[in-house]
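User: I am new to reading protein models. Can you walk me through the features, one at a time?

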Amino acid sequence: MLDTFRSSSKLFNTFCGHTNHVLGIDYSIFNGNNLLCSGSSDQTVRVWNVDNNKQIQLFDGHSGNVFCVKFSQYHYHYYRQNVICSSSFDHTIRFWDFKNNQQVQMLNKRKITFVALEFSPFSGGRYLCSGSDDNTIHLWDVETYKPLHVFNGHENCVRCVDISPLQTNSNNNNENNCIGVIGGNGYTICSGSYDATICIWDIETAKQYIILKGHKDDVDSVKYGSNELLNTVLSGSDDKSVCLWDIRSGQQIQVFNGHTSLVCAVEYSPFIVDNNEVGGTPNVICSGSLDNTIRFWDIRSNKRELYAIKGNDEKDIGITCFKFLKLKNRKVNNDRSCINLCYGSGKGPIRIWE
């Protein structure tokens, strides 16, 4: 329950090392350890062990801002490699083995800045989606490190991407039971762009499915819903708003206003609030902004802001990214699994609230 988190939440850990904006973070469990990775405008990729509060690896091979970092489950499950993927202003996507402290591969497209990354939820994470400043989205096979599809349609930089859970009620319903080229039938890509639009793409055909219009400025973050919210997309924008969209109708469901600066990150939270209309349905979303707050919103109760976490004014100067963590083997009050909120800041610190 959100009320439990709100009443007892506190800052319990801070990771210091980055010297500039933390632009991306990711979380995973490797060999039983709770790990974070982070990328920054200081051009480094770092790995942190949450269990012992230590930085365990540093990669400084990029020569530009590191926009996004993701742990690769595909490398871990199929090759027993502990690998991070990172995208950078230096026109590369790089794969790092953080156990053996080495770069294992580099994807390079001259004059293209890779900004956003997301691994596929199908085929064990074998496919990597990237958004770039040439207005395109690429789909890569990380087994061969070769591009498979290019998605064209945006009119400006593709700042963020996400890949859907399986959508069995899409317009391609009759084809979902077929085996596609990459096994992605029924899955779609969502992309947000500096052209102020959000596009939905069919993965197998690389065709545009729908365009969502409503934001008045750059779209910085997009996320697919799941379970009861399967057919929704959440977005955050430089216009300071957070929007919830219905993919089926192409319409905005809700617009959440309250941030006083651009919204860098959005997430569907694991929390619920008491609500007689919806019972136990997950109904809380979150947004992080350069106004130095992470705000919680109830999507079913008149756009109401429920709670806000405020960053350190002098040491954070803005929330640039965040992620919910369910740390393995950690309990709070002996009666629930611990849900933690980790955020990256504009000045470098990474902080975890519980």
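Analyst: Start with pairing. Two strands count as paired if DSSP finds at least two bridges between them. Keep in mind that this is a predicted model.

User: Which order do the strands of the open sheet have?

Analyst: The order is β10-β11-β12-β13, and the pairing is antiparallel. That makes an open sheet of 4 strands.

User: Which strands are the edge strands?

Analyst: Look for strands that pair on one side only: here β10 (114-119) and β13 (146-152). Neighbouring strands of this sheet are turned by 25 degrees against each other on average, direction ignored.

User: Over how many bridges do β11 and β12 pair?

Analyst: Strand β11 (residues 127-132) and strand β12 (residues 136-141) pair over 5 bridges, in the antiparallel sense.

User: What does the UniProt annotation "repeat: WD" cover?

Analyst: In the unreviewed UniProt entry, that annotation covers several spans, including 185-211 and 212-255. Residues 185-211 are 0% helix and 59% strand, with end C-alpha atoms 20 Å apart. Residues 212-255 are 0% helix and 57% strand, and their end C-alpha atoms lie 13 Å apart.

User: How many residues does the largest nonpolar core have?

Analyst: A core joins buried nonpolar residues through side-chain atoms within 4.5 Å. The largest one has 19 residues, and F296 and L341 have the most contacts inside it. Elements that each supply at least two residues of this core include α1 (2-8), β24 (293-298) and β27 (336-345). Another core, of 17 residues, lies apart from it; L139, F151, Y187 and W201 are among its members.

Conventions. Residues are numbered from 1 along each chain as its sequence is written. This is a predicted model: local features need pLDDT of at least 70, side-chain atom pairs count only at pLDDT 80 or more; totals for chains, interfaces and linings use all residues. Side-chain values use heavy atoms; hydrogens and water are left out. UniProt positions are given in the numbering used here, feature names are shortened, and annotations may be inferred rather than shown by experiment. Axes are lines fitted to C-alpha atoms, for helices over the stretch in contact, and angles run from 0 to 180 degrees between N-to-C directions. Buried means under 20% relative accessible area, exposed over 50%, partly exposed in between (1.4 Å probe, protein chains only).
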